[in-house]
Amino acid sequence: MQPRDVSTNPITVRPVEEERDATTIRKLVERSFGRDVEAQLVDDLRDCGMLVLERVAVVESGTIVGHIAYSRVTGAGAGHRLNITCLAPVCVEPKLQRHGIGAQMIRETIDDLQGMGEDLVLVLGDPNYYPRFGFDAEVAKKVRAPFAGPIFMALPLTQLGREGLPIEVSYATPFQKLG
Ligand SMILES: CC(C)(COP(=O)(O)OP(=O)(O)OC[C@H]1O[C@@H](n2cnc3c(N)ncnc32)[C@H](O)[C@@H]1OP(=O)(O)O)[C@@H](O)C(=O)NCCC(=O)NCCS
């Protein structure tokens, strides 16, 4: 499939209005993953106040076609001063996948996190996809977490994020339900 032409089909990435968007987001996340685990994770993270950044991608008509969430990860020991988030989940309306919408959401939100003073972003995902945004499995080897291996990647956004490693981290409680 050819990349979509964003100049003729602009996508806007905007903040979430909880009351108005929550149900639409839930259905989109369920459709994209083909199950309700990730949608429940988003609701739980929102409910317990652990979401650091949440955005939706909308087409010109206003229809929501993508969603991305980052939640707080807590550093321990020497890394306790770092502001750490994890990207999870991210999804795009199934029929619009592989047209650059996911990439646009990820790039714009990484810029937002940088502006917010976040030091380090973690992700658990496809090692063929996330390195294009700067996520690096080698960096993540210095992050002691419940996850490891090539699918666990890290992106430092500040000098502290680069130099404050190794660290130990713990994820928000809703992740523990995922098993
Ligand atoms: C993963 C996802 C968010 C990417 O968004 P997208 O808009 O479809 O992707 P983009 O158009 O930005 O990027 C396309 C590239 O990503 C790759 N890609 C997309 N989804 C992929 C997947 N699930 N696995 C592997 N590679 C994938 C494509 O091969 C393509 O690579 P190329 O540029 O080298 O050809 C989207 O496909 C999706 O919602 N998938 C289902 C939910 C999911 O698995 N989310 C990620 C885990 S949290």
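## A ligand and the pocket around it

The ligand takes up the space of the largest pocket. A pocket here is an open set of points on a 1 Å grid over the protein atoms alone, with protein on both sides within 12 Å along at least five of seven lines. A molecule sits in a pocket if more than half of its atoms lie within 2 Å of its grid points.

Before going on, some ground rules. This is a predicted model, where local features need pLDDT of at least 70 and side-chain atom pairs count only at pLDDT 80 or more, while totals for chains, interfaces and linings use all residues. Residues are numbered from 1 along each chain as its sequence is written, and side-chain values use heavy atoms, with hydrogens and water left out.

So who lines up around the ligand? The shell has 16 residues, with Val 92, Arg 98, Gly 100, Gly 102 and Asp 126 the closest; a residue counts if one of its heavy atoms lies within 4 Å. By type, the shell splits into eight nonpolar, five polar (Gly goes here) and three charged residues. Elements giving two or more residues to the shell are α1 (18-33), β4 (84-92) and α3 (101-115). Helices (H or I, at least four residues) and strands (E, at least two) are DSSP runs, numbered from the N terminus.

Here are some polar contacts, meaning pairs of N or O atoms within 3.5 Å:

| Protein atom (N or O) | Ligand atom | Distance |
|---|---|---|
| Val 92, backbone | oxygen | 2.8 Å |
| Gly 102, backbone | oxygen | 2.7 Å |
| Tyr 129, side chain | oxygen | 2.9 Å |

On its own the ligand exposes 850 Å², and the protein buries 67% of that (areas by the Shrake-Rupley method with a 1.4 Å probe).

Most residues other than glycine have a negative phi, and most peptide bonds are trans. Arg 98 has a positive phi of about 65° without being a glycine, and this residue is found in the loop between β4 and α3. The bond from Ala 88 to Pro 89 is cis, with omega near -10°, and Pro 89 is in strand β4. Another cis bond runs from Leu 165 to Pro 166, with omega near 5°; Pro 166 is in the loop between α5 (159-163) and β8 (167-170).

Note on methods
Polar contact = N/O pair within 3.5 Å; in protein donor to acceptor, adjacent residues only side chain to side chain. 1 Å grid on protein atoms, 1.4 Å probe; cavity = no way out; pocket = protein on both sides within 12 Å on 5 of 7 lines; lining within 4 Å.
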